[in-house]
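Please keep the sequence and the structure in view while I talk.

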Amino acid sequence: MTILSVIIGLILGFVLRGQDLSQETIVLINFPGEIFMQILKLMILPLIFASLVAALAQMDPKESGQMGLLTVGYYTMTTVLSTITGIILVLLIHPGDPTIKNDWMIQHIEHTQVSPLDTFLDVVRNMFPENVIQAAFQRVQTVYVPYKHKYHNVSNHTHPSGYRKQMAHVPGMNILGIIVFCTGFGIVISQFGEKAKIIVDFFVIFEAVIMKIVELLMWFAPLGIVCLIAGNLLELEDLSDTAAVLLMYVLTVIAGLLFHTLVTMPCVYLLLTRKNPLRVVRGMTQALVTAFGTASGGAALPISMQCLEENLKVDRRIARFVLPLGSTINMDGNALYEAVAVIFIAQLNNITLSLAEVITVSFIATIASLGLNSVPAGLVSILVILNTVGLPINDVSLIITVDWLLDRMRTSINVLGDAFVADAISHYLGNQLKETDKENVFHQEIQDEIKMLVSASHSRRTSNASPPVMSSRASMVPPQTPSLLNTPDPLNWKQTALLQKLYADISLGKVEDV
């Protein structure tokens with residue numbers, strides 16, 4: 001159904017482009033998709049907070065450390081490989097033709113000098129926010145404020161002297177800081193063991209509530225995706241001219257993304273796990289189409305979790321740790337896109353980059369994409385690289401015109417990369433987590449309660465069902481398998497867990513007939 005929605009959205013968008021619709025009509029077409037996106041994004045923060053804390057609270061600190069190192073290492077490797085792929089293809093295909101600039105109106109881009117060091121320091125600053133509530137809607141960024149030096153002369157004018165760096169809080173969710181806080185919070189809770197059971201239960205139920213809301217929301221996904229894609233196509237201007245001018249650039253980026261998707265990621269996954277990569281692609285189909293339709297990896301995060309756990313049978317703790325982290329640091333598609341874009345701009349200006357400059361481009365594209373994923377079109381990352389290698393800035397307006405398509409493709413690839421990483425981590429740590437649960441009674445109890453909660457959320461049985469009537473003789477014999485335990489009720493899953501513990505702990509003597 002989701003795939004059909006994408007196809008209908010594309011067809012509807014291209015058909016309506018020839019109808020000369022008014023701006024108000026385009027806004028109304030896009031409106032349902034806009035609301036759908038807002039509600040999905042509304043779920044991101046509570047889902048990340050609840051899922052990370054609940055997952056890490058059920059693990060030993062040693063296991064959390066192993067999972068973190070494996071995840072970051074895997075992501076770093078795939079990001080470096082994607083950047084190298086993009087650079088090789090753009091150098092071989094050479095899509096940058098200097099005559100393009102003569103046929104295209106280059107718009108001026110307002111910018112200041114962006115330092116790679118400041119970009120890296122901003123990433124570290126955002127990892128440790130001073131206020132976790134503020135991190136939900138603001139992040140730290142270095143801004144360059146022009147200052148003026150006043151001196152007295154005949155005209156008594158003021159002249160600008162340069163720029164001064166300032167730390168400012170700019171709009172945008174600081175996902176990296178929230179992840180770091182939740183990771184530390186969950187690990188500390190795990191050290192308290194059963195004393196922190198109430199807190200763990202709260203976050204487990206909170207997470208289940210969010211996933212239930214998302215499950216209900218996905219009934220409106222077809223309408224939302226159709227409106228988003230059709231509205232986005234209707235908002236574009238001079239689509240045919242843009243396609244003709246930038247065709248080779250778009251084909252180069254798409255070729256790089258396809259090579260990374262069809263060759264690099266499956267080969268790395270196959271090499272590490274000896275499993276068929278196609279099973280991951282099949283299991284993540286709904287999440288991939290949702291990512292393409294919404295152009296947002298965060299909006300597809302709940303669907304990705306659901307696909308991993310239900311279709312690929314990945315441990316929920318691994319899925320809830322890897323996916324939120326991957327939505328921030330897994331920027332394979334962005335790193336490839338930014339590397340191709342920078343070298344494309346160099347080719348437009350007849351500039352041949354040296355080997356050292358190409359290495360600089362690949363390194364900064366990998367690092368800059370880490371903490372700037374919330375910026376549309378990777379604009380800040382591209383500006384950082386262009387300033388570093390001394391390339392003109394105004395040509396960025398060219399590549400932004402075709403970003404509506406490339407953004408959706410690289411978002412889908414990022415989501416698929418998250419799935420490969422999560423399944424690979426599950427391959428190495430899944431059995432270890434199960435063995436630890438057997439040795440830790442508290443962890444086992446939490447896992448049993450989660451299973452009951454999941455089962456209860458999918459049950460449609462009414463809560464006011466009357467208990468079975470038993471004879472006086474049968475009522476004196478303790479039931480071996482209570483019917484309440486066999487069919488968990490949506491409203492009494494907690495009572496079910498308590499009854500199960502009671503029957504396990506209390507042994508009743510045999511009652512003889514008189």
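Helix α4 gives the largest share of the nonpolar patch, 5 residues, where helices are DSSP runs of H or I with at least four residues, numbered from the N terminus. This is a predicted model, in which local features need pLDDT of at least 70 and side-chain atom pairs count only at pLDDT 80 or more, while totals for chains, interfaces and linings use all residues. Residues are numbered from 1 along each chain as its sequence is written, and side-chain values use heavy atoms, with hydrogens and water left out.

The patch consists of Val 80, Ile 84, Ile 88, Leu 92, Ile 93, Leu 247, Met 248 and Leu 251, with about 690 Å² of accessible area together. Patch members have over 30% relative accessible area and no salt bridge, and nonpolar side chains (Val, Leu, Ile, Met, Phe, Trp, Tyr) are joined within 5 Å; the areas come from the Shrake-Rupley method with a 1.4 Å probe, and for residues only the protein chains shown count as cover. Both α4 (61–93) and α10 (247–273) supply at least two residues of the patch. Ile 88, in helix α4, is partly exposed at a relative accessible area of 44%, given that buried means under 20%, exposed over 50%, and partly exposed in between.

Now to charged pairs: which residue does Arg 320 form a salt bridge with? The partner is Glu 207, with the closest N and O atoms 1.5 Å apart, a salt bridge being a side-chain nitrogen of Lys or Arg within 4 Å of a carboxyl oxygen of Asp or Glu. Because Arg 320 lies in helix α14 (residues 316–329) and Glu 207 in helix α7 (residues 197–217), the pair ties together parts that are 113 residues apart in sequence. Arg 320 and Glu 207 are both buried.

Arg 125, by contrast, pairs with Asp 122 at 2.8 Å between the closest N and O atoms, and both lie in helix α5 (residues 116–127), about one turn apart. Here Arg 125 is partly exposed at 32% relative accessibility, whereas Asp 122 is buried at 9%.

Technical notes:
Patch = residues over 30% accessible without salt bridge, like charges linked within 9 Å, V, L, I, M, F, W, Y side chains within 5 Å. Buried < 20%, exposed > 50% of the residue type's maximum accessible area, 1.4 Å probe, protein only.
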